[in-house]
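Take a look at the picture below, then read on.

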Amino acid sequence: MENKQLTKILKKYYSDAMVKAIKSNKFRPSYEKMLLMRDNDGIKLDFWADVRSKIIKKPKKNATPKPNN
């Protein structure tokens with residue numbers, strides 16, 4: 001799932017501070033909200049085990065890749 005898409009979904013249920021905490025794996029949504037997101041937005045329950053690893057980050061348009069030294 002893309003970062004922006006997840007942020008948009010989480011903002012329907014939580015404040016900005018809580019969205020940031022959930023995306024950094026400090027907190028997880030309540031079970032009731034996990035079920036709501038599963039039913040309404042199609043997010044599976046196992047997604048919440050490790051959110052950070054499942055977020056797809058797109059590189060910035062003007063970013064240059066770092067050299068591998």
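Lys-11 is partly exposed, because its relative accessibility comes to 46%. Keep in mind that this is a predicted model. You'll find Lys-11 in helix α1. Setting aside residues within four places in sequence, Lys-11 is in contact with Asp-16 and Val-19. With Asp-16, the side chain of Lys-11 makes a salt bridge, at 3.7 Å from N to O. Asp-16 counts as exposed, since its relative accessibility is 54% and the cut-off is over 50%.

So what is going on in a pairing like this? Side chains of opposite charge can pair when their charged atoms come close.

How many salt bridges does the count come to? The total is three. Here they are side by side:

| Salt bridge | N to O distance |
|---|---|
| Lys-11 and Asp-16 | 3.7 Å |
| Lys-12 and Asp-41 | 2.8 Å |
| Arg-38 and Asp-39 | 3.3 Å |

Now for the pair of Asp-41 and Lys-12, whose closest N and O atoms are 2.8 Å apart. Lys-12 is exposed because its relative accessibility is 55%. Asp-41, on the other hand, is partly exposed, as its value is 22%.

Then there's Arg-38, whose side chain meets that of Asp-39 in a salt bridge. Arg-38 is partly exposed, with 38% relative accessibility. Asp-39 has a relative accessible area of 55%, so it counts as exposed.

One more lysine deserves a stop. Is Lys-23 buried or exposed? Lys-23 is buried, yet it has no salt bridge. The nearest side chain of opposite charge belongs to Asp-16, and it is 9.4 Å away. A salt bridge needs the atoms within 4 Å, so Asp-16 at 9.4 Å is no partner for Lys-23.

What does the side chain of Lys-23 join in a polar contact? The partner is the side chain of Thr-7, at 2.7 Å. Lys-23 itself lies in helix α2. Beyond residues up to four places away in sequence, Lys-23 touches Asn-3, Leu-6, Thr-7, Leu-10, Val-51, Arg-52 and Ile-55. Thr-7, then, turns up both as a polar contact of Lys-23 and among the residues that Lys-23 touches.

How values were computed: Residues are numbered from 1 along each chain as its sequence is written. This is a predicted model: local features need pLDDT of at least 70, side-chain atom pairs count only at pLDDT 80 or more; totals for chains, interfaces and linings use all residues. Side-chain values use heavy atoms; hydrogens and water are left out. Buried means under 20% relative accessible area, exposed over 50%, partly exposed in between (1.4 Å probe, protein chains only). Helices (H or I, at least four residues) and strands (E, at least two) are DSSP runs, numbered from the N terminus. Lys and Arg count as positive and Asp and Glu as negative; His and the chain ends are not counted. A polar contact is a pair of N or O atoms within 3.5 Å; within protein, one must be able to donate a hydrogen and the other to accept it, and residues adjacent in sequence count only if both atoms are side-chain atoms. Contact means heavy atoms within 4.5 Å.
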